[in-house]
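This briefing is for a reader new to the structure. Look over the sequence and the model shown below before reading the points that follow.

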Amino acid sequence: GSARRSSLRELRRRVAKQDADFAVVDLGSAATDAAIRFWCDAPHRLALTMPEPNAVAGLYRLVRKTFAAMALQRVSDEGQQDALHAALTKAGQTPAPSDIAALVHQERPELGHTLQDCMNTLQFPFIVNQARMRADLELGDQITVAVRRRYGVPLKYLGYVEHDDAVRTSSRKRRPLL
């Protein structure tokens with residue numbers, strides 16, 4: 001979860017050196033540009049959210065920033081990249097993917113179509129962690145619908161993990177969960 005850019009570059013090298021099929025990296029809640037690039041470059045990604053307003057807002061922010069980073073990666077023409085940078089700057093504070101696609105489409109239709117394709121192909125799997133009540137169990141489906149309607153991005157809801165006090169207790173005592 002470190003927000004230092006150098007640590008993420010070093011982390012990428014350390015993960016690549018590991019003799020493992022999979023490595024789980026917790027990037028924390030800080031959605032820095034370096035963390036977003038690390039997330040986008042990962043072969044397998046999974047976002048976690050909790051049934052709390054701040055956590056859900058963080059997931060929405062991660063979707064917006066991930067879209068912006070992947071759109072900038074996908075656009076190869078320098079003129080289109082400049083136009084996309086200008087549109088993102090003009091819209092400010094990482095706008096919704098559907099808003100930025102509509103804004104760009106007015107001036108550059110071909111770039112607008114590219115952004116629309118990026119929205120449709122964005123792979124964004126997530127789960128809801130520490131679900132306690134029935135409303136928490138339904139939150140993932142509600143987030144998926146809300147993001148599809150507002151952002152135009154189809155999320156991939158994988159399910160939920162129920163709350164368990166034993167996990168918190170073992171974490172506090174720094175002991176393995178058996």
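Contact here means that heavy atoms lie within 4.5 Å. The model is predicted.

**Helix 3**

- Helix 3 runs over residues 53-74 and has 22 residues.
- Thr66 lies in helix 3. Its relative accessibility is 0%, so Thr66 counts as buried, the limit being under 20%.
- Beyond its neighbours within four places in sequence, Thr66 is in contact with Ile36, Trp39, Cys40, Leu122 and Phe124.
- Phe67, with neighbours within four places in sequence again left aside, is in contact with Pro97, Ile100, Leu115, Cys118, Met119 and Leu122.

**The largest nonpolar core**

- The largest nonpolar core has 42 residues, and those touching the most other members are Phe67, Leu84, Phe124, Ile143, Val153 and Leu155.
- Elements giving two or more residues to this core are helix 1 (5-17), helix 2, helix 3, helix 4 (78-91), helix 5 (97-107), helix 6 (109-121), strand 2 (125-131) and helix 7 (134-151).
- Which element gives the most to this core? Helix 3 does, with 9 residues.

**Salt bridges**

- There are 4 salt bridges in the structure. Three of them, described next, are Arg12 with Asp41, Arg150 with Asp99, and Arg134 with Glu138.
- The side chains of Arg12 and Asp41 meet at 3.4 Å, N to O. Arg12 belongs to helix 1 and Asp41 to helix 2, so this pair ties together parts that are 29 residues apart in sequence.
- Both partners are partly exposed: Arg12 has a relative accessible area of 35%, and Asp41 one of 42%.
- In the salt bridge between Arg150 and Asp99, the closest N and O atoms are 2.8 Å apart. Arg150 is in helix 7 and Asp99 in helix 5, so the pair ties together parts that are 51 residues apart in sequence.
- Arg150 is partly exposed, at a relative accessible area of 44%. Asp99 is partly exposed too, at 36%.
- Arg134 and Glu138 form a salt bridge whose closest N and O atoms are 3.2 Å apart. Both residues lie in helix 7, 4 residues apart, which is about one turn of the helix.
- Why can side chains with such a spacing point the same way? An α-helix has 3.6 residues a turn, so residues three or four places apart point the same way.
- Arg134 has 64% relative accessibility and so counts as exposed, whereas Glu138 is partly exposed, at 32%.

**Surface and loops**

- Leu46, Leu48 and Leu158 make a nonpolar surface patch of about 290 Å².
- Leu46 is in the loop between helix 2 (33-41) and strand 1 (47-49). Its relative accessible area is 43%, so Leu46 is partly exposed.
- Phe22 sits in the loop between helix 1 and helix 2. Is Phe22 buried or exposed? Phe22 is exposed, because its relative accessible area is 61% and the limit for that class is over 50%.
- Phe22 and Pro43 are 21 residues apart in sequence, and their C-alpha atoms are 9.8 Å apart in space.

**Positive phi values**

- Gln130 is not a glycine, yet it has a positive phi of about 60°. Gln130 is found in strand 2 and is partly exposed, with a relative accessible area of 23%.
- Arg174 is another residue other than glycine with a positive phi, near 55°. Arg174 is in the segment after helix 8 (165-172) and is exposed, with a relative accessible area of 79%.

How values were computed:
Residues numbered from 1 in each chain as written. Predicted model: local features only at pLDDT ≥ 70, side-chain atom pairs only at ≥ 80, totals over all residues. Heavy atoms only, no water. Expected span 1.5 Å × (residues − 1). Patch = residues over 30% accessible without salt bridge, like charges linked within 9 Å, V, L, I, M, F, W, Y side chains within 5 Å. Areas by Shrake-Rupley, 256 points an atom, 1.4 Å probe, with all protein chains shown as cover. Buried < 20%, exposed > 50% of the residue type's maximum accessible area, 1.4 Å probe, protein only. Core = buried A, V, L, I, M, F, W, Y, C linked by side-chain atoms within 4.5 Å.
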